[in-house]
Structures are given as structure tokens and as C-alpha cells.
Amino acid sequence: MNRAIVITPHVINTLRSLPFEERMSVTSALAGELLLGTGPCDDLEPMETMIYQIIRFYVNQASARYNGEVG
């Protein structure tokens, strides 16, 4: 893997602010995709899916910036 994954304090604080069950579901889905390369998780509830997509956007944006992929 040639690409760094950047998880900002904003992402961590957002995850920490979630109720336990949502936090575990979203974090597991995010780790599965970013670390293991699994596809998007279909096991999430609709609200969890929305939170997951937002957090994934933040991680991808910060990672791209760090890796010099965007201006």
C-alpha cells in the first residue's frame, strides 16, 4: 500500500460523540474498508450509513491532501 490513511482529531471526536452501538458499527465499517479493503458495509442502519459516509469523506479528503493528491 502506497497511500497513507489520515484520521484527524475531528473524525475521532465525531466517533467518540456517537452512542456506543453506533460508534462500534461505524468504526468497524470504516476500519474494514480502509484497512482491509472490504466494500461498503450493508449491515449499517440508515442513520449509521449517513454518519459513515460523512466520516469516510473526511478521512478520504484528509488522506488525499496528505498524499498530495489534491491542490
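## Overall dimensions

In this predicted model, the protein chain has a radius of gyration of 12 Å. A compact globule with 71 residues would have a value near 11 Å, so the two agree. Along the principal axes, the C-alpha atoms fill a box of roughly 35 × 25 × 15 Å.

## Fold and contacts

The protein chain has 3 helices and 0 strands, and its pattern along the sequence is α-α-α. Among contacts with a separation of 6 or more, 67% are between residues 24 or more positions apart.

## Surface and charge

Of the 71 residues, 24% count as buried. The accessible surface of the protein chain is about 4,900 Å², and 57% of that belongs to carbon and sulfur atoms. There are 5 positive and 8 negative side chains, with the centres of the two sets 13 Å apart.

## Helix α3

Helix α3 covers residues 46-66. Its 21 residues, at 1.5 Å a residue, should span 30 Å; the end C-alpha atoms are 30 Å apart, which agrees. Just after α3, Gly68 takes a positive phi of about 75 degrees.

The buried residues of α3 are Glu48, Ile51, Tyr52, Ile55, Val59, Ala62, Ser63 and Ala64. An α-helix has 3.6 residues a turn, so residues three or four places apart point the same way. The cover over the buried residues of α3 includes α1 (9-17) and α2 (20-36).

## Met47

Met47 also lies in helix α3. Its relative accessibility is 46%, so Met47 counts as partly exposed; the cut-off for exposed is over 50%. The C-alpha atoms of Met47 and Gly32 are separated by 19 Å, and the two residues are 15 residues apart along the chain.

Key. Residues are numbered from 1 along each chain as its sequence is written. This is a predicted model: local features need pLDDT of at least 70, side-chain atom pairs count only at pLDDT 80 or more; totals for chains, interfaces and linings use all residues. Side-chain values use heavy atoms; hydrogens and water are left out. Helices (H or I, at least four residues) and strands (E, at least two) are DSSP runs, numbered from the N terminus. The expected span of a helix is 1.5 Å times one less than its number of residues. Buried means under 20% relative accessible area, exposed over 50%, partly exposed in between (1.4 Å probe, protein chains only). Contact means heavy atoms within 4.5 Å. The radius of gyration is taken over C-alpha atoms; the globule rule is 2.2 Å times the number of residues to the power 0.38. Accessible areas come from the Shrake-Rupley method with a 1.4 Å probe; for residues, only the protein chains shown count as cover. Lys and Arg count as positive and Asp and Glu as negative; His and the chain ends are not counted. The place of a charge is taken as NZ of Lys, CZ of Arg, CG of Asp or CD of Glu.
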